[in-house]
Amino acid sequence: SLLVSRRIAGSARHVLDAARRIAAGSYGERVPVRDADALGELSEGFNAMAKALEEAERRRVEVVSDVSHELRTPISTLRGYLEGIMSGTIEPSEEAFSRLYAATARMERLVNDLRQLSRAEARQLTLNLSPVSPSGVVGTATEGMRPLFEEKGVELGVAVPDGLTPILADGDRVAQVLTNLLDNALGHTPPGGRVTVEVRPGAGEVAFRVADTGEGLTPEDLGRVFERFYRAEKSRSRSGERGGSGVGLTISKALVEAMGGRIRAESLGLGRGAAFQFMLPAAKLKRTGRA
């Protein structure tokens with residue numbers, strides 16, 4: 001009894017001490033797993049929890065760093081132009097005010113996207129789920145993006161067969177996902193390239209596919225492309241007028257999963273284009289729900 005009580009007390013002390021250090025911010029703490037019994041299972045469960053907390057803390061630090069980085073450029077632009085106008089070195093011209101407006105719009109877009117992403121991942125977005133025509137949402141997204149494709153000189157093709165089964169989804173959110181994917185494809189496809197939107201029926205679901213002839217993705221990119229602020233091409237900048245917030249694909253993934261679907265990225269490698277495909281359930285009944 002004495003030996004058993006000492007063993008139990010020792011294991012409990014290890015867990016208690018490690019818990020205190022984790023509470024103080026030392027997320028790398030682990031406890032030894034000595035035997036395959038109840039105490040061993042407790043230690044394994046504690047280590048799994050500690051690992052999850054460590055990963056969550058790492059992601060939190062990355063998000064804070066990424067947000068700071070994304071805000072630094074527009075803030076620097078605003079400060080530089082305002083200081084120049086105040087000192088008289090920059091003429092208060094239409095071009096100067098246009099650049100100030102663009103920097104402000106970029107910060108506003110980032111804040112709005114982060115707020116929407118937070119709500120989507122917390123499943124706090126209200127979804128109006130109802131039978132939706134796949135061709136209708138594709139038409140809404142492509143017609144809204146077509147002027148940007150024409151401006152850059154990228155061909156936009158649409159292949160939607162007739163008689164498709166309606167999907168059970170929020171039409172506005174599906175159009176938003178398609179717009180995000182089209183915007184991403186446009187940003188990674190050079191002039192003279194082509195982006196195609198396809199819709200295909202499946203077993204109890206409908207597949208939407210946005211494929212481009214652009215830069216392509218590496219195997220590492222495919223595993224991380226839906227992460228916040230991840231750049232497949234590190235040299236690419238989002239500081240231009242059409243620079244995205246860096247969370248468009250992350251928002252798309254959250255929205256698709258909130259509507260009961262799934263999404264994936266595909267690519268044969270760098271320089272061979274990429275494709276994003278998401279599947280949504282076919283409509284069987286009409287209902288309204290919350291994400």
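Author: Let us start with burial: a residue counts as buried under 20% relative accessible area, as exposed over 50%, and as partly exposed in between, with a 1.4 Å probe and protein chains only. This is a predicted model, in which local features need pLDDT of at least 70 and side-chain atom pairs count only at pLDDT 80 or more, while totals for chains, interfaces and linings use all residues. Residues are numbered from 1 along each chain as its sequence is written, and side-chain values use heavy atoms, with hydrogens and water left out.

Reader: Is Phe-208 buried or exposed?

Author: Phe-208 is buried, with a relative accessible area of 0%, and Phe-278 is buried as well, at 1%.

Reader: How many aromatic pairs does the structure hold, and how should I read their geometry?

Author: Rings of Phe, Tyr and Trp (its six-membered ring) pair if their centres lie within 6.5 Å; planes under 30 degrees apart count as stacked, over 60 as edge-to-face, and the rest as tilted. The structure holds 2 such pairs. Phe-208 and Phe-278 are stacked, with 4.9 Å from centre to centre and 5° between the planes. Phe-208 belongs to strand E6 and Phe-278 to strand E8 (residues 274-281), so this pair ties together parts that are 70 residues apart in sequence. Strands here are DSSP runs of at least two residues (E), and helices are runs of at least four (H or I), numbered from the N terminus.

Author: The pair of Phe-226 and Phe-276 is edge-to-face, at 5.9 Å centre to centre and 90° between the planes. Phe-226 sits in the loop between helix H6 (219-224) and helix H7 (248-258), whereas Phe-276 is in strand E8, 50 residues apart.

Reader: Which residues take part in salt bridges with Glu-198?

Author: Side chains of opposite charge can pair when their charged atoms come close. A salt bridge is a side-chain nitrogen of Lys or Arg within 4 Å of a carboxyl oxygen of Asp or Glu. For Glu-198, the closest N and O atoms are 3.5 Å apart in its salt bridge with Arg-200, and the N to O distance is 3.8 Å in that with Arg-209. Arg-209 lies in strand E6 (residues 205-212) and Glu-198 in strand E5 (residues 194-201), 11 residues apart. Salt bridges that share partners join Glu-198, Arg-200, Arg-209, Arg-264 and Glu-266 into one network.

Reader: How many salt bridges are found in the whole structure?

Author: The search finds 14, including one between Glu-29 and Arg-21, whose closest N and O atoms are 2.9 Å apart. Glu-29 is buried at 18%, whereas Arg-21 is partly exposed at 37%.
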